[in-house]
Amino acid sequence: IIIEGGTWVEMDTNIPSGESLIRQFQFGKRFIKEEFGVESRIFWLPDSFGVSAAMPQIMKGCKIDYFANAKVRWLYNDGDVIPHSLFLWKGIDGSGILSTILIGYECPMLPENLINRWSMQPEKEEVPIQLIAFGYGDGGGGTTRTQLEYIAREEDLEGMPKVVQKSPNEFFEYVEKECNLNSTFVGELYFAAHRGTYTSQAKTKRGNRKCE
């Protein structure tokens with residue numbers, strides 16, 4: 001079990017106010033520190049319908065070093081795809097956070113899955129590694145015996161990328177120290193695949209404004 005996450009819950013970042021988002025980190029980091037003795041460094045937000053451009057500044061202020069998402073590069077119809085999956089994300093004030101967008105938030109770990117994911121990695125020339133989340137099903141299911149067996153065989157299998165089990169923290173630290181990453185993205189991580197999903201949330205928006 002890897003104790004990480006940064007916030008109290010996996011929250012939306014578009015409707016809540018800035019103060020609410022900051023409290024997410026304050027309460028989340030405090031709980032993780034008090035319960036487990038760990039200083040959380042990653043904002044782990046795999047399933048969110050876009051991410052506000054204010055988040056890099058908020059993360060910096062709350063002593064969060066890294067960001068991981070698994071959704072905002074999805075595109076069902078037309079639209080502009082975010083061009084990077086591993087990049088320095090800069091917010092409104094210029095604050096930069098090392099960020100990754102996972103290619104999916106589950107992976108059966110079959111050789112074809114890994115070869116396909118590596119082929120879709122835009123930064124493969126700059127960074128020779130990729131972070132993959134594996135497990136069973138859409139909804140937080142853990143790994144399976146079959147997946148662990150595949151991983152053991154894929155540690156050095158000819159014709160495909162080598163697979164090692166490391167924590168997300170170790171991944172980000174390696175990229176930071178060993179790689180020459182030049183990719184930068186500025187502004188909101190807009191999720192074009194779920195356009196219009198907030199239009200029915202008038203009561204939620206009103207409630208947030210009243211709380212402010």
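Mentor: Start with what surrounds the largest pocket: α5 supplies the largest share of its lining, four residues. The model is predicted, so local features need pLDDT of at least 70 and side-chain atom pairs count only at pLDDT 80 or more, while totals for chains, interfaces and linings use all residues. Residues are numbered from 1 along each chain as its sequence is written, and side-chain values use heavy atoms, with hydrogens and water left out.

The largest pocket holds about 1,600 Å³ of space. Its lining has 45 residues, and the closest to its centre are Leu131, Ile132, Ala133, Phe134 and Pro168. The elements that each supply at least two lining residues are α3, residues 111-119, and α5, residues 168-178. Sorted by class, this lining has 24 nonpolar, 13 polar and eight charged residues. (Nonpolar covers Ala, Val, Leu, Ile, Met, Phe, Trp, Tyr, Cys and Pro; charged covers Asp, Glu, Lys and Arg; the others, Gly among them, are polar.)

A pocket is an open set of points on a 1 Å grid over the protein atoms alone, with protein on both sides within 12 Å along at least five of seven lines; in a cavity a 1.4 Å probe fits but cannot get out, and lining residues have an atom within 4 Å of a point. Points are joined across faces, edges and corners, and the volume is the space filled by probe spheres set on them.

The second largest pocket has a volume of about 190 Å³. Of its 16 lining residues, those closest to the centre are Leu88, Ile97, Leu98, Glu176 and Leu181. Two or more lining residues come from each of β4, residues 96-101, and α5. Here β4 gives the most, with three residues. The classes are eight nonpolar, four polar and four charged.

The space in the largest cavity is about 50 Å³. Its lining includes Leu131 and Phe171, along with Ser85, Leu86, Thr100, Ile101, Leu102, Ile103, Gln121 and Gln130. Six of the lining residues are nonpolar, four are polar and none is charged.

Next come the rings. The structure has 10 aromatic pairs. (Rings of Phe, Tyr and Trp, the last by its six-membered ring, pair if their centres lie within 6.5 Å; planes under 30 degrees apart are stacked, over 60 edge-to-face, and the rest tilted.) One of the pairs joins Phe43 and Phe67, tilted, at 5.3 Å centre to centre with 40° between the planes. Phe43 sits in strand β1 (residues 42-44) and Phe67 in strand β2, so the pair links parts of the chain 24 residues apart. Both Phe43 and Phe67 are buried, where buried means under 20% relative accessible area, exposed over 50%, and partly exposed in between, with a 1.4 Å probe and protein chains only.

Phe49 and Phe191 form another tilted pair, 6.0 Å centre to centre and 40° between the planes. Phe49 is in the loop between β1 and α2, and Phe191 is in the loop between β5 (184-186) and α6 (202-211), 142 residues apart. Phe49 is partly exposed at 32% relative accessible area, whereas Phe191 is buried at 2%. Ring pairs also link Phe25, Phe43, Phe67 and Trp89 into a cluster.

Last, the backbone. Most residues other than glycine have a negative phi. Lys63 has a positive phi of about 60° although it is not a glycine. Lys63 lies in the loop between α2 (55-61) and β2 (66-69), and it is exposed, with a relative accessible area of 65%. Met109 also has a positive phi, near 70°. Met109 is in the loop between β4 and α3, and at 3% relative accessibility it counts as buried.
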